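Subject: Structure handover

Hello,

Here is the structure I said I would pass on. Please open it alongside this email; my notes follow below.

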Amino acid sequence: MDFSITPEQKEFRRSVSEFAKRELGGNVREREKNGEFFWEGWHKCADFGIQGMPMPKEFGGLGMDTTTCLLAMQTLGKECRDSGFLFSLNSHMWTCEIPILEFGSDEQKEKCLSPMIEGKLVGGHAMTEPDAGSDAFSLRTTATKTDNGYVLNGAKVFISNAPIADLLLIFATTKRELGWAGVTGFIVEKDNPGLQVSKPLDKIGLKTSPTGELGLVDCEVPASAMLGRVGQGSAIFNAEMEWERSCLFACHLGAMQRQLEECVEYVKDRKQFGQSIGSFQAVSHKIADMRVRIELGELILHKVAWLKSRGKRAPLESAIAKLVVSESYMESSIDALHLRGGYGFMSEYEADRDLLDACGGKIYSGTSEIQRNIIARFLGL
Ligand SMILES: Cc1cc2nc3c(=O)[nH]c(=O)nc-3n(C[C@H](O)[C@H](O)[C@H](O)COP(=O)(O)OP(=O)(O)OC[C@H]3O[C@@H](n4cnc5c(N)ncnc54)[C@H](O)[C@@H]3O)c2cc1C
């Protein structure tokens with residue numbers, strides 16, 4: 001395995017970093033207070049090419065390999081403090097664009113991909129239901145065959161981007177007795193009269209990423225709205241989770257790098273007992289642990305990218321990556337707050353954002369327990 005990056009990848013990372021510093025700043029706290037989505041940033045990202053990074057050039061994308069995408073997402077995580085915005089961007093890219101690219105018909109790709117890359121359409125995906133979270137494939141939303149297509153009935157919860165999405169990849173079952181084998185994906189457009197979208201839910205973190213509930217009431221879709229084949233929904237979901245568990249969590253790794261740089265600076269400057277607090281071993285060891293977590297997260301994420309760039313699947317490695325990075329982010333966020341003492345507890349230092357985001361990271365894309373279950377399954381348990 002060779003994880004060295006090419007001069008082109010370095011140059012792209014540098015341009016993403018400059019772009020993010022220049023264009024993705026602004027008053028994040030204000031947007032968080034108002035639960036406001038960063039539309040200006042969204043369109044600037046599309047102009048730069050972010051939404052099109054993993055997409056083929058024929059649809060207007062940049063046609064980049066997984067490693068380059070991962071480096072770019074890590075850089076965005078470091079330089080853009082609006083983590084809710086980045087979360088929405090990730091949902092759009094890995095759980096809607098990518099499944100359409102990998103499983104969509106020519107017609108679906110033609111219709112959806114270019115506008116999604118250009119930022120004209122926002123996407124999301126809807127699997128979770130009130131009674132089907134970790135046990136996702138036990139979903140109850142039904143897809144019943146009609147003469148012209150399917151009719152969907154059911155409810156979805158915690159759906160990222162739902163209040164702003166133009167199209168949603170919705171999973172339903174064509175036959176509940178089949179379990180995972182009956183799960184099927186459908187692309188549903190926002191103006192479908194059978195689709196009800198709630199107002200944004202009030203969350204404790206990721207406040208600039210609109211999350212909503214969906215109601216599907218006799219929601220009629222043509223047969224051409226089905227993504228892939230009947231019963232292929234679980235394969236689609238597993239494939240998109242590999243992307244999300246690596247590229248979304250690369251943003252968290254970037255945030256951990258920012259945390260580390262800020263903490264090193266702080267402990268060098270802050271003096272107690274007549275010396276900088278960084279000279280106390282108990283403090284410097286916390287900083288060393290933060291550095292170690294980044295190294296480990298980077299190694300496993302790059303392994304996933306290395307496999308995916310070679311067209312290989314990475315279900316085990318992406319589960320390990322998600323588990324390692326999300327738990328590390330939580331530990332580093334607690335350390336970053338603690339190292340600042342009372343100042344860390346003041347909103348001005350914004351340590352709460354990383355901490356609350358880290359809490360979410362242990363839940364979405366499958367909880368830590370579910371990642372451990374996946375890993376154990378690979379060991380025959
Ligand atoms: C910010 C955010 C954004 C989200 N975005 C989306 C989205 O865009 N689309 C979407 O479909 N969903 C989304 N989700 C939903 C998310 O995927 C689920 O919340 C998650 O899978 C957990 O399901 P649940 O909330 O029903 O918890 P539950 O499954 O009820 O789990 C509750 C607790 O029980 C534990 N548990 C459950 N089963 C087991 C087991 N077998 N072994 C050990 N422990 C277990 C869990 O680990 C957890 O600690 C989002 C969630 C959040 C927080």
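How many salt bridges does the rule find across the interface of domain 2 and domain 3? The answer is zero. Please keep in mind that this is a predicted model.

First, the layout. The domain assignment divides the protein chain into domain 1 (7-117), domain 2 (123-231) and domain 3 (234-378). Between the centres of domain 2 and domain 3, taken over C-alpha atoms, the separation is 30 Å.

Next, the interface between these two domains. Contact involves 13 residues of domain 2 and 11 residues of domain 3. About 1000 Å² of area is buried between domain 2 and domain 3, and carbon and sulfur atoms give 70% of that area. On the side of domain 2 that touches domain 3 there are nine nonpolar and four polar residues, and no charged ones. Two residue pairs are in polar contact between domain 2 and domain 3, both at pLDDT 80 or more.

Last, some strand pairing. Strand β2 (residues 142-145) and strand β3 (residues 149-160) run antiparallel and are joined by four bridges.

Leu152 in β3 is the bridge partner of Ala143, and in β7 the bridge partner of Leu152 is Cys219.

Regards

How values were computed: Residues numbered from 1 in each chain as written. Predicted model: local features only at pLDDT ≥ 70, side-chain atom pairs only at ≥ 80, totals over all residues. Heavy atoms only, no water. Domains from an automatic or database assignment. Contact = heavy atoms within 4.5 Å. Buried area = accessible area lost by both parts, 1.4 Å probe. Salt bridge = Lys/Arg side-chain N within 4 Å of Asp/Glu carboxyl O. Polar contact = N/O pair within 3.5 Å; in protein donor to acceptor, adjacent residues only side chain to side chain. Nonpolar A, V, L, I, M, F, W, Y, C, P; charged D, E, K, R; others polar. Pairing = 2+ DSSP bridges. Helix = DSSP H or I, 4+ residues; strand = E, 2+ residues; numbered from the N terminus.
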